Amino acid sequence: SQRWDEVSRGEALDPWVEAVDMNSLIYLQRKVLLQIGKITCQLDKTTEKRIRERQEEMKNSFHLFWDEKDGFFYDITHGEHRKIKVKTAAGFYPFLTDLVDRDKKEKLLKHLLNPKEFNTSCPIPCVSADHPSYDPAVMWRGPTWPNVNWLIVKALVDSGEREISRQILGKFLKSIS
């Protein structure tokens, strides 16, 4: 994937990368664990406190992924927190969290709905169509992945963007049928 090109060093990543999609999923997982624990009464106070503290840490550091100028969430390098400026579908994963305010949401939706970026004939490609190495025929360099689309469409529905989710899903289903 283009998201790793500028940091790849042989077989390993150097420097390490903090991926926005992975952090979004971990944040969501912890939120769900707290909900399950509450429903089942199976969560002791110490564990609950530890999960809540970790959630708060993530919440307080999530701004590191956000680029105000571009209006997009990017992966970052570990430690120095340098943004890896490649727009990928991972930049929409924060929709799965409660960490995207209205201003950020509007900026992200502009990217999502732009036909030159993510609203392609088969939305949502794994990398923005305006990236120089975008190629919809090469794995992770442009194709659309149904599981990624499902997560983003679901997140849009959950955040109240039903019409946009219908548009994206309808276009995606039409393109693959």
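Is the crossing of α5 and α6 left-handed or right-handed?

A: The crossing of α5 and α6 is left-handed (the near helix is turned anticlockwise from the far one by less than a right angle). This is a predicted model, in which local features need pLDDT of at least 70, side-chain atom pairs count only at pLDDT 80 or more, and totals for chains, interfaces and linings use all residues. Residues are numbered from 1 along each chain as its sequence is written, and side-chain values use heavy atoms, without hydrogens and water.

Helix α5 spans residues 146-158 and helix α6 residues 162-176 (helices are DSSP runs of H or I, at least four residues, numbered from the N terminus). Their axes come within 8 Å and cross at roughly 160° (lines fitted to C-alpha atoms over the stretch in contact, with angles from 0 to 180 degrees between N-to-C directions). The pair is therefore roughly antiparallel (over 145 degrees; under 35 is roughly parallel). On the α5 side, Pro 146, Asn 149, Val 153, Leu 156 and Val 157 meet Arg 162, Ile 164, Ser 165, Ile 168, Leu 169 and Phe 172 of α6 (heavy atoms within 4.5 Å). By class, this contact has eight nonpolar residues, two polar and one charged.

Helix α6 also packs against α4 (residues 102-113), at about 20° and with the axes 12 Å apart. These two helices are therefore roughly parallel, and their crossing is left-handed. From α4 come Leu 109, Leu 112 and Leu 113, and from α6 Ile 164, Gln 167 and Ile 168. Five of these residues are nonpolar, one is polar and none is charged.

How values were computed: Angles under 35 degrees count as roughly parallel, over 145 as roughly antiparallel, 65 to 115 as roughly perpendicular and the rest as oblique. Ala, Val, Leu, Ile, Met, Phe, Trp, Tyr, Cys and Pro count as nonpolar, Asp, Glu, Lys and Arg as charged, and the others, Gly among them, as polar.
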